[in-house]
Amino acid sequence: MNISWNLLNEILDLKKVTQKQLYEKLILAGFEVERIKNLPDTLDTIFEINITANRQDTLCIMGIAQEISIIMNT
């Protein structure tokens with residue numbers, strides 16, 4: 001699943017969170033972050049995340065945003 005950093009910032013208040021912090025927290029929470037792509041033409045960053053079979057609640061952007069909100073305590 002591809003997740004846009006800009007879209008996450010619209011849903012959540014991640015102004016005090018760096019992309020590296022989010023990456024590390026997602027790894028610790030059990031998500032597989034395959035890679036992070038910087039898109040200079042759109043000024044965005046894409047997180048490529050593998051969703052495991054036991055985490056059906058994170059199959060959409062709102063589920064991921066809710067999980068990130070819990071992880072980052074925002």
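Predicted model: local features only at pLDDT ≥ 70, side-chain atom pairs only at ≥ 80, totals over all residues.
Residues are numbered from 1 along each chain as its sequence is written, and side-chain values use heavy atoms, with hydrogens and water left out.

E67 belongs to helix α3. Helices (H or I, at least four residues) and strands (E, at least two) are DSSP runs, numbered from the N terminus. E67 is buried, because its relative accessible area is 15%; buried means under 20% relative accessible area, exposed means over 50%, and partly exposed lies in between (1.4 Å probe, protein chains only). When neighbours within four places in sequence are set aside, T58 touches M1, F31, I51, G63, I64 and E67. T58 and M1 are 57 residues apart in sequence, and their C-alpha atoms are 9.7 Å apart in space.

Helix α3 covers residues 61–72, and helix α2 covers residues 19–28. The axes of the two helices come within 10 Å and cross at roughly 95°. Axes are lines fitted to C-alpha atoms, for helices over the stretch in contact, and angles run from 0 to 180 degrees between N-to-C directions.

M62 counts as exposed because its relative accessibility is 52%. Together with L7 and I11, M62 makes a nonpolar surface patch of about 250 Å². Patches are made of residues with over 30% relative accessible area and no salt bridge; like charges are joined within 9 Å, and nonpolar side chains (Val, Leu, Ile, Met, Phe, Trp, Tyr) within 5 Å. Accessible areas come from the Shrake-Rupley method with a 1.4 Å probe, and for residues only the protein chains shown count as cover.

A search of the whole structure finds five salt bridges. A salt bridge is a side-chain nitrogen of Lys or Arg within 4 Å of a carboxyl oxygen of Asp or Glu. One of them joins the side chains of E48 and K37, with an N to O distance of 3.3 Å. This pair links distant parts of the chain, since E48 is in strand β3 and K37 is in strand β2, eleven residues apart. E48 is buried, at 14% relative accessibility, whereas K37 is partly exposed, with a relative accessible area of 27%. R35, K37 and E48 are linked in a network of salt bridges. Another salt bridge is formed by the side chains of D13 and K15 (3.6 Å, N to O), and both D13 and K15 are exposed. The side chains of R55 and D57 also meet in a salt bridge, at 3.2 Å from N to O. D57 is partly exposed, with a relative accessible area of 47%.

Positive phi values occur at L43 and at N73. For L43, a residue other than glycine, phi is near 55°. L43 lies in the loop between β2 (32–39) and β3 (44–50), and is exposed with a relative accessible area of 71%. N73 is not a glycine either, and its phi is about 60°. N73 is placed in the segment after α3 and counts as exposed at 72% relative accessibility. N73 and C60 are 13 residues apart in sequence and 20 Å apart in space, C-alpha to C-alpha.

Notes. Contact = heavy atoms within 4.5 Å.
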